[in-house]
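Colleague: I keep meeting labels in this model. Please take me through where they come from.

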Amino acid sequence: MTPAVVAARKAGIAFELHEYEGIDPGEGDYAVAVANALGVEPERLFKTLVVSVDGKLEVFVVPADRQLNLRSVGKRAKMADRGEAERATGYVPGGISPLGQRRLLPTTIDESALLFEKIVVSAGRRGLQIELAAADLIRLLKARTGPIAA
């Protein structure tokens with residue numbers, strides 16, 4: 001049981017877990033490969049990215065088939081290094097979940113999530129995804145939404 005699953009259970013929200021195997025995070029577009037392995041549309045599976053914005057870490061959640069538009073989040077925005085992301089979230093890259101992080105970082109979810117009844121995000125480890133209502137994820141994280149994907 002990952003901290004993400006514990007957080008979802010504790011919140012009392014409806015969710016479904018999906019497992020997959022055989023995908024190496026270092027090969028090609030990992031998030032799209034995960035979506036394909038699960039049979040989920042890549043635009044409905046969202047990846048969690050940790051970014052340094054003006055020296056402070058923030059989380060951005062974007063569709064698997066798109067990239068984060070760094071210009072849309074700040075002039076001095078850059079991807080956090082792997083170690084920094086692991087220390088802040090408690091998760092390894094390829095398994096970073098927006099839920100159950102070591103400390104709640106400011107989070108923005110791409111507004112396209114609102115187009116779907118349910119979206120899929122990492123459940124806190126490689127090989128495990130959690131499907132839940134976008135509205136529940138936004139509420140639990142006290143997240144903002146906006147046009148952050150390119």
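Modeller: We will go through some labels, one by one.

Modeller: This is a predicted model, where local features need pLDDT of at least 70, side-chain atom pairs count only at pLDDT 80 or more, and totals for chains, interfaces and linings use all residues. Residues are numbered from 1 along each chain as its sequence is written, and side-chain values use heavy atoms, with hydrogens and water left out.

Colleague: Why is Asp54 called partly exposed?

Modeller: Its relative accessible area is 45%. Buried means under 20%, exposed means over 50%, and partly exposed is in between (1.4 Å probe, protein chains only). So Asp54 counts as partly exposed.

Colleague: And why is Lys142 called exposed?

Modeller: Lys142 has a relative accessible area of 69%. That value is over 50%, so Lys142 is exposed.

Colleague: Where does Lys142 lie?

Modeller: In the loop between helix 5 (134–141) and strand 8 (144–146). Helices (H or I, at least four residues) and strands (E, at least two) are DSSP runs, numbered from the N terminus.

Colleague: What makes a set of residues a nonpolar core?

Modeller: They are buried Ala, Val, Leu, Ile, Met, Phe, Trp, Tyr and Cys residues, joined through side-chain atoms within 4.5 Å. The largest one here has 29 residues. Helix 5 gives the most to this core, with 4 residues.
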